[in-house]
Amino acid sequence: MFRFKPSNRCRCDAVLGAALVFGAVAAAHAAEPSVPYVPTPQEVVERMLEIAKVGPQDYLIDLGSGDGRIVVTAAKKYGARGFGVDLNPVRIKESVENAAKAGVSDRATFLQRNLFETDLSSATVITMYLLPRVNLELRPKLFELKPGTRIVSHDFSMDDWKPDESASLEVRDKYGTGSAAGTSSIYFWIVPARVTGPWQWQLTVGGKPQAYEMVLEQKYQMISGTVRVGGHSIKLQEAKLRGDQISVSFSAEVNGSQLKHEFSGRVAGNTIEGAVKLSGSRTQGQHEWNATRGAKTSWPAGGARLAASIH
Ligand SMILES: C[S@@+](CC[C@H](N)C(=O)[O-])C[C@H]1O[C@@H](n2cnc3c(N)ncnc32)[C@H](O)[C@@H]1O
């Protein structure tokens, strides 16, 4: 949680923040800031942008952008473009001035706007320093972003949407007041592709066509599932999803001999394109992997559980 000292330069904001923290959640959608202004220390800004691997290809949106330091740094030091939104007109004015001073006004812009009413679809990176309950309120909107979109949050996580990475660092001036050192936490997520459901593909193994069906379950980026091949059902040994990149592996008996399967590919809607490495006593090699998501499974196991696991 934010902790404010009476000497904090944004004491009024702190009072507002405390009131909001302890009650008025509805303010998240009202015209009052739902989070008080506290700047992210510059070294934390830079670490956040490094963890997200921000570069010239990126379009970054800072939700509740304060004095604009995250967007300005992303533009100046990492060559990105983007914008910040903040409800407070004083912050927007400061941000515009800071972008001009840094010489990045063409790549770093600022809008006086409610972050909940902002279209985030152009973002490749979202940054935020809000509050736990605001993060949770935002979570469904963030989870809907393009697979692969990176999200970095200063100090606050997103409950059971576990971060893909996290870090903490000691900072000399935690609240921008010059009076308190502290620890900053950084949480990083990659929006995962939606992979729940039954996937089918064929491979030629030992010269014979072989049909595969895999049923995946998903909770955020955590995936698990079962594969059916040659009349056997096998649990996936490994299953990983990072943005739109998926990899799964299992061993199964195919054509009478045990075969290790290691698949990796890219999910695009209802298709996966990638490669599979097969290793067994009779078969070795690398093949293309093209899977398609079907409407339902051809065997009864998956259906009922799937419906319950869709997010
Ligand atoms: C903790 S400060 C973070 C500032 C900046 N992102 C940084 O890390 O230095 C949160 C900012 O969010 C703004 N804010 C709070 N609720 C907002 C809302 N609903 N829409 C837009 N901005 C909001 C506040 O005015 C404040 O400037």
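Two residues are in contact if their C-beta atoms, placed from the backbone, lie within 7 Å.

Some ground rules. This is a predicted model: local features need pLDDT of at least 70, side-chain atom pairs count only at pLDDT 80 or more, and totals for chains, interfaces and linings use all residues. Residue numbers start from 1 along each chain, as its sequence is written.

First, the overall picture. The protein chain has 6 helices and 16 strands. Helices (H or I, at least four residues) and strands (E, at least two) are DSSP runs, numbered from the N terminus. Of the 311 residues in the protein chain, 39% count as buried. Buried means that 20 or more other C-beta atoms lie within 10 Å of the residue's own; exposed means 12 or fewer, and partly exposed is in between, with C-beta atoms placed from the backbone. Now take contacts in the protein chain between residues at least 6 apart in sequence: 56% of them join residues at least 24 apart.

Now the sheets. Strands of a sheet pair through backbone hydrogen bonds, either parallel or antiparallel. Here, two strands pair if DSSP finds at least two bridges between them.

Look at the β6 end. β6 pairs with β7 (residues 182-190) in the antiparallel sense, over 7 bridges. Ser-168 has Ser-185 in β7 as its bridge partner.

Another open sheet has 9 strands, ordered β11-β10-β9-β8-β16-β15-β14-β13-β12, with antiparallel pairing. β11 (232-235) and β12 (238-242) are at the edges with a single partner strand each, so one side of each has no neighbour in the sheet. The twist from one strand to the next averages 25°. Inside this sheet, β14 (residues 257-268) and β15 (residues 271-280) run antiparallel, joined by 10 bridges. Glu-262 has its bridge partner in β15: Lys-277.

Back to α3. Just after α3, Gly-79 takes a positive phi of about 75°.

Next, the cores. A nonpolar core is a set of buried Ala, Val, Leu, Ile, Met, Phe, Trp, Tyr and Cys residues joined through C-beta atoms within 7 Å. The largest has 43 residues, and Leu-60, Val-71, Ala-74, Ile-126 and Leu-130 have the most contacts inside it. α3 gives the most to this core, with 5 residues. Beyond four places in sequence, Val-71 touches Leu-60, Asp-62, Ser-65, Gly-82, Phe-83, Gly-84 and Ala-108. A second, separate core of 25 residues includes Tyr-212, Val-215, Val-248 and Trp-289.

Now the ligand. There are 23 residues around the ligand; Pro-33, Thr-40, Gly-64, Gly-66 and Tyr-129 come nearest. A residue is near a molecule if its C-beta atom, placed from the backbone, lies within 6 Å of it. α3 (69-78) and β2 (81-86) are the elements that give two or more residues to this shell. By class, the shell has 11 nonpolar, 8 polar and 4 charged residues. Nonpolar here covers Ala, Val, Leu, Ile, Met, Phe, Trp, Tyr, Cys and Pro; charged covers Asp, Glu, Lys and Arg; the others, Gly among them, are polar.

Arg-150 is found in β5 (residues 150-154). Is Arg-150 buried or exposed? Arg-150 is buried, because 22 other C-beta atoms lie within 10 Å. Not counting residues up to four places away in sequence, Arg-150 touches Ala-52, Thr-124, Val-125, Phe-188 and Ile-190. Phe-116 sits in the loop between β3 and β4. With 15 other C-beta atoms within 10 Å, Phe-116 is partly exposed.

Conventions:
Axes are lines fitted to C-alpha atoms, for helices over the stretch in contact, and angles run from 0 to 180 degrees between N-to-C directions.
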